[in-house]
Amino acid sequence: MAAPGENMRVNGDRLWDTLMDMAKIGPGIAGGNNRQTLTDSDAEGRSLFKTWCENAGMTLGVDKMGTMFAIRPGTDPDALPVYVGSHLDTQPTGGKYDGVLGVLGALEVVRTMNDLGIKTKHPIVVTNWTNEEGARFAPAMLASGVFAGVHTLEYAYDRKDPEGKTFGDELKRIGWVGDEEVGARKMHAYFEYHIEQGPILEVENKQIGVVTHCQGLWWLEFTLTGREAHTGSTPMNMRVNAGLAMSRIIEMVQTVAMENQPGAVGGVGQVFFTPNSRNVLPGKVVFTVDIRSPDQAKLDSMRARIEAEAPAICEALGVGCAVEAIGHFAPVTFDPTLVSRVRNAAERLGYSHMNLISGAGHDACWAAKVAPTTMVMCPCVGGLSHNEAEDISKEWATAGADVLFHAVVETAEIVA
């Protein structure tokens, strides 16, 4: 299978300008973005992306989860497409690159193919998956999960945000319910380009992360039930303090993660207090424990220990404890052939590179259940992500997109 010539490169300035134009939609308050899934800002970003894809000569398909598939035809009508993409939705205080780089990097691959007059046997499909972040509707990677058969469409439509609005109703409200059955499409391969969301590439001074595996994950949602009471007039020995129970569980999660080093992480990033008043002890606390590891046995043992120790912590304080697993994916090993193509592309183009295990979950984790899959990563400053201060350089973005272009075009098979 012929590889593109090493002189073939993407237009880095155009890619960067496209990233900056998308970042104008759903601006945050500190230089990043708040373009959460199925909001008006998400709808606006989708419309702009649709326009760009159509201007690049692609036709758009949309499935019942609202996932967007922009298609560049191949020369063989029977050849399965090569899919390339990520997500345009962001965290409430998200950066300009997490997910967005993968979607717009894929668009740049097609634009560069158009510039160079490249035809391929296999079609190319630029993909924007709905609700990768899971910030508004848990779990994360929801649309790709339905696509891969992990979740049902009904389950996804019934997910609720903190205000009680359902995924299905909000998808309809913004006008992006497609007519395609979710998962009906078949893939020849799937590529995803992403910022690392960690510090390793920058510390090691490498331009390209060749992603070989992705960590598995459990999200465990705890609901602790205490008794609302005045914080000033309730004696310490008469309190049923759900907040105190939560703090002790968080400390326990830290201990469990540290005792499973290396190759394990755990923490809590979301907490809801009720009634969330300064001078009222919480009657209810809901929070999510996030544990991850590339080792399935370690991941499961961590979950078992946390679920065993948390009720004991609560019982000692008279607090009720319920736990529900609201998100999970197993560790993923990416396709060795596609991984080699990414590595070979980096070498051919003269970019420094190293193997990486992704610490974050991605749509590629679910795509790997239905097709050969891999990822390309570029560094991000300080390893910072899910933060408005998230930052990359134009040079990093371009290098990764060059590698993506070469690996995708090789897989789609150039037609002379």
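Reader: Why is the contact between arginine 305 and glutamate 309 called a salt bridge?

Author: A salt bridge is a side-chain nitrogen of Lys or Arg within 4 Å of a carboxyl oxygen of Asp or Glu. The closest N and O atoms of arginine 305 and glutamate 309 are 2.8 Å apart, so the pair meets the definition. The model is predicted: local features need pLDDT of at least 70, side-chain atom pairs count only at pLDDT 80 or more, and totals for chains, interfaces and linings use all residues. Residues are numbered from 1 along each chain as its sequence is written, and side-chain values use heavy atoms, leaving out hydrogens and water.

Reader: What separates arginine 305 and glutamate 309 along helix α9?

Author: They are 4 residues apart in helix α9, which means about one helical turn. Helices (H or I, at least four residues) and strands (E, at least two) are DSSP runs, numbered from the N terminus.

Reader: What makes glutamate 309 partly exposed?

Author: Buried means under 20% relative accessible area, exposed over 50%, and partly exposed in between (1.4 Å probe, protein chains only). Glutamate 309 has 28%, so it counts as partly exposed. Arginine 305, at 29%, is also partly exposed.

Reader: Which salt bridge does arginine 305 form with glutamate 259, and where do the two residues lie?

Author: Their side chains meet at 2.8 Å, N to O. Arginine 305 is in helix α9 (residues 296-317), and glutamate 259 is in the loop between α8 (242-258) and β10 (265-274), 46 residues apart.

Reader: Why is glutamate 259 called exposed?

Author: Its relative accessible area is 51%, and exposed means over 50%, so the word applies.
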